[in-house]
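I would ask everyone to keep the display in view while I speak.

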Amino acid sequence: MSDEIEVVGTYSDTEEHESLTDQNSLASQNGSLIDEIEAATQRKKHWRNLLSFWLLGLTNNFAYVVMLSAAHDILSQDFNGDGGGGDAGGGNGSITPGNDTNTTNPRDCNTISTGAVLLADIIPSLLMKLWAPFMFHHIHGRVSLVVVLGTCSFLLVGLATSRVMAIFGVICAAAGAGLGEVSFLSYSANYHENVVSTWSSGTGAAGVFGAAAFAVLTSAGLTPRTSVLIMLMVPVVMSVSFWAILIHPGRTKCRSPCMKYGSVSEEEEESMLPSSRPSPPLTFSQKMTLLPSLMKYMIPVFMVYMAEYVINQGLLELVYFPEDRTWLDHHAQYRWYQVIYQVGVMVSRSSVNFVHVNHIWKTSVLQWINVVLFLTCAIYWWIKNIWLVFFLIFWEGLLGGAAYVNTFYKVSQEISEPNKEYALGVTTLADSLGITVAGLIAIPIHNAICSLPVK
């Protein structure tokens with residue numbers, strides 16, 4: 001009898017042990033399942049933020065790019081005429097030259113350089129970046145202003161009845177792009193460092209899509225005016241990207257400065273920076289002390305952008321191939337120059353996760369070699385094949401894009417956390433300063449070359 005009781009007791013202990021083992025196994029499986037669900041959720045949030053910053057980069061720079069692509073048209077009288085904008089003749093979106101186009105000189109110069117449009121497209125951006133650190137910090141208010149300025153730019157240029165009205169539209173595009181760049185890049189300090197690369201890729205894509213959209217629409221027979229009005233959808237996409245796709249940190253809708261950190265939950269840590277503790281804002285003296293250490297990032301970018309925009313807005317309109325006007329007239333050649341340049345920019349801005357440029361200054365040296373090539377070509381027309389010019393423009397775009405994305409990537413990697421937001425914001429001044437100087441240089445270069453005979 002005692003043996004039976006012992007056997008039964010042993011069986012009961014074994015059964016209880018197996019039951020506990022099963023429960024632990026089930027709990028472990030449930031825990032693993034919960035971890036997998038949480039990990040999948042974090043990955044989804046991470047990819048949403050990456051997508052959002054790509055779209056924000058795309059839409060922020062879109063109007064700016066379109067205005068530069070349309071520069072040759074904006075300076076043509078027919079674009080601003082009462083007839084609804086110059087008709088696109090033939091199959092290439094040509095515009096009948098008005099009084100502002102020199103039809104007697106084989107260089108076919110506008111009386112005003114496209115550098116004038118560049119200045120209208122960059123000085124407001126530069127001023128906005130200088131003013132941004134002292135304006136309201138409410139990120140949602142800033143983005144709302146960017147959307148309004150982008151909308152006004154397309155409306156003013158598309159409905160322009162005078163050159164002044166069109167130029168004012170360009171100014172709105174520039175102000176919106178400048179405010180957007182400094183705001184979004186500063187706001188990116190709340191997120192994983194990879195949003196900087198997706199933002200840069202988006203800005204590169206803006207160049208391609210903006211320049212290509214304008215060139216394709218005008219080549220399809222639409223007037224420049226109508227082509228610009230179609231692009232009113234771009235501010236809508238920006239709004240959806242920021243307010244519907246992007247996952248925001250907690251308490252961003254506040255009256256005090258909150259561009260950087262709010263309270264974040266553990267669920268947001270994957271797509272945001274590991275540290276969620278607010279850092280005290282830098283004082284003015286701290287910012288001035290930090291500024292000299294940022295020169296190693298800013299000076300090469302300044303030099304690269306000055307060189308490439310001297311090319312784009314001072315020289316490219318003078319690199320003209322009359323023998324190819326049967327399939328690409330002067331306006332169309334300039335538009336496609338812009339498209340190819342932007343393709344190069346997009347390719348290099350999207351490559352930072354694969355190719356790193358540690359010595360940014362090398363890109364500035366190579367870009368100034370390009371300046372010499374295009375300057376001599378504009379004067380002497382020694383390049384006889386437009387396809388060679390297309391290749392050189394693509395190379396120019398690669399250098400400019402590489403300088404931009406690698407600079408901001410290095411800042412995000414090398415600057416300490418409390419200083420990163422300020423460093424990212426202030427470094428955006430470098431490209432704007434370079435472009436502004438380029439615009440001032442481009443106008444006298446254009447005027448000097450246009451006065452020369454073709455050799």
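Helix α4 contributes the most to the lining of the second largest cavity, namely 4 residues. Please bear in mind throughout that this is a predicted model. At least two lining residues come from each of α1, α4 (139–158), α5 and α8. What is the division of this lining into nonpolar, polar and charged residues? There are 9 nonpolar residues, 4 polar residues and no charged ones.

Let us turn to the cavities in general. How many cavities of 30 Å³ or more does a search of the whole structure find? The search finds 3. The lining of the largest cavity divides into 10 nonpolar, 10 polar and 6 charged residues. For the second largest cavity, let me recall, the count of charged residues was none.

I now step back to the whole chain. The protein has 14 helices and 0 strands, and the pattern along the sequence is accordingly written as α-α-α-α-α-α-α-α-α-α-α-α-α-α. Of the 455 residues in the protein, 55% are buried. Consider next the contacts between residues at least 6 apart in sequence: 82% of these join residues at least 24 apart.

The nonpolar cores come next. The largest one has 84 residues. Which residues have the most contacts inside this core? They are Tyr64, Leu294, Tyr309, Tyr337 and Phe374. Helix α10 (residues 295–315) supplies the largest share of the core, 11 residues. Another core, of 25 residues, lies apart from the largest one, and includes Val66, Ile74, Ala205 and Val228.

Residues up to four places away in sequence are not counted here; beyond them, Tyr337 touches Leu316, Val319, Phe321, Ile386, Val389, Phe390 and Ile393.

Ser241 is located in helix α8 (residues 233–245). Is Ser241 buried or exposed? Its relative accessible area is 1%, and Ser241 is therefore buried, since the cut-off for that class is under 20%. Once neighbours within four places in sequence are left aside, Ser241 is in contact with Ser52, Leu55, Leu56 and Leu246.

Ser125 belongs to helix α3. Because its relative accessibility is 4%, Ser125 likewise counts as buried. Residues up to four places away being excluded, Ser125 touches Ala174, Ala175, Ala177, Gly178 and Ser432. Ser125 and Tyr64 are 61 residues apart along the chain, and their C-alpha atoms are separated by 9.7 Å.

Next, a residue in a loop. Trp381 lies between α12 (361–380) and α13 (386–414). Trp381 has a positive phi of about 55°, although it is not a glycine. With a relative accessible area of 13%, Trp381 is buried.

Finally, the cysteines. A disulfide is a covalent bond between the sulfur atoms of two cysteines. In this model the count comes to 0 disulfides. Why is Cys152 in no disulfide with Cys172? The sulfur of Cys172 is the nearest cysteine sulfur to that of Cys152, yet it is 5.4 Å away, whereas a disulfide requires the two sulfur atoms to be within 2.5 Å. Cys152 is partly exposed, as its relative accessible area is 31%. Cys377, by contrast, counts as buried because its relative accessibility is 2%.

That concludes the presentation, and I thank you for your attention.

How values were computed
Residues are numbered from 1 along each chain as its sequence is written. This is a predicted model: local features need pLDDT of at least 70, side-chain atom pairs count only at pLDDT 80 or more; totals for chains, interfaces and linings use all residues. Side-chain values use heavy atoms; hydrogens and water are left out. Buried means under 20% relative accessible area, exposed over 50%, partly exposed in between (1.4 Å probe, protein chains only). Contact means heavy atoms within 4.5 Å. A nonpolar core is a set of buried Ala, Val, Leu, Ile, Met, Phe, Trp, Tyr and Cys residues joined through side-chain atoms within 4.5 Å. On a 1 Å grid over the protein atoms alone, a cavity is a set of points where a 1.4 Å probe fits but cannot get out, and a pocket is an open set with protein on both sides within 12 Å along at least five of seven lines; lining residues have an atom within 4 Å of a point. Grid points are joined across faces, edges and corners, and a volume is the space filled by probe spheres set on the points. Ala, Val, Leu, Ile, Met, Phe, Trp, Tyr, Cys and Pro count as nonpolar, Asp, Glu, Lys and Arg as charged, and the others, Gly among them, as polar.
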